[in-house]
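Reader: I am new to this and would like to learn how to read a structure. Could you walk me through it?

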Amino acid sequence: MSTPTAENPIYAPFFGVIGAASAIIFSALGAAYGTAKSGTGIAAMSVMRPELIMKSIIPVIMAGIIAIYGLVVAVLIAGQLSAENYSLFKGFIHLGAGLAVGFSGLAAGFAIGIVGDAGVRGTAQQPRLFVGMILILIFAEVLGLYGLIVAIFLYSRQ
């Protein structure tokens, strides 16, 4: 193990670990909220129109993708963690990348959950709403994708 210096203090990997944890925790929270909220809408809708259940699963799938974004960034960060030659700059970059994908995933999960719940309930009453719901879900999913892009850009700046 190398000796800690001003550029590579012993606590520098702490920030990288917090970044990796933030990436997976917050994006998984967003995905869980989106899944739960959309799932309640699907359950309520399936009472009236059980034939639409498989068509209404789309918001749940889109919410699950949000967690994958956080997982990718967390694995990238965790692969770079080491006690040797881990600078404070690299720790802060990893913290920023984890927070970027984590919080954008949380926001995207909230949006997908709310739109998915209202969208599948509305689609049960008026089937023409399905295309509009899908478009809004895509825009909500893109919020998480923006966080992933920023996180990968930050990660590559080491």
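**Surface and core**

Author: Gladly. Keep in mind that this is a predicted model.

Reader: Is I18 buried, partly exposed or exposed?

Author: Buried means under 20% relative accessible area and exposed means over 50%, with partly exposed in between. I18 has a relative accessible area of 32%, so I18 is partly exposed. This residue lies in helix α1.

Reader: Now the inside. How many residues does the largest nonpolar core have?

Author: That core has 23 residues. Those with the most contacts inside it are I66, V73, V101, I112, M133 and L137. The elements giving two or more residues to this core are α1 (12-48), α2 (58-80), α3 (88-125) and α4 (129-155). Apart from it lies another core of five residues, including A12, F15, Y86 and L88.

Reader: Which residues is I66 in contact with, leaving aside its neighbours within four places in sequence?

Author: I66 touches S27, A31, G105, A108, I112, E141 and G144.

Reader: And which residues does the UniProt domain annotation cover?

Author: The unreviewed UniProt entry gives "domain: V-ATPase proteolipid subunit C-like" for residues 18-77 and 95-154. In the model, residues 18-77 are 85% helix and 0% strand, and their end C-alpha atoms lie 10 Å apart. For residues 95-154, the span is 95% helix and 0% strand, with the end C-alpha atoms 10 Å apart.

Key:
Residues are numbered from 1 along each chain as its sequence is written. This is a predicted model: local features need pLDDT of at least 70, side-chain atom pairs count only at pLDDT 80 or more; totals for chains, interfaces and linings use all residues. Side-chain values use heavy atoms; hydrogens and water are left out. A nonpolar core is a set of buried Ala, Val, Leu, Ile, Met, Phe, Trp, Tyr and Cys residues joined through side-chain atoms within 4.5 Å. Buried means under 20% relative accessible area, exposed over 50%, partly exposed in between (1.4 Å probe, protein chains only). Helices (H or I, at least four residues) and strands (E, at least two) are DSSP runs, numbered from the N terminus. Contact means heavy atoms within 4.5 Å. UniProt positions are given in the numbering used here, feature names are shortened, and annotations may be inferred rather than shown by experiment.
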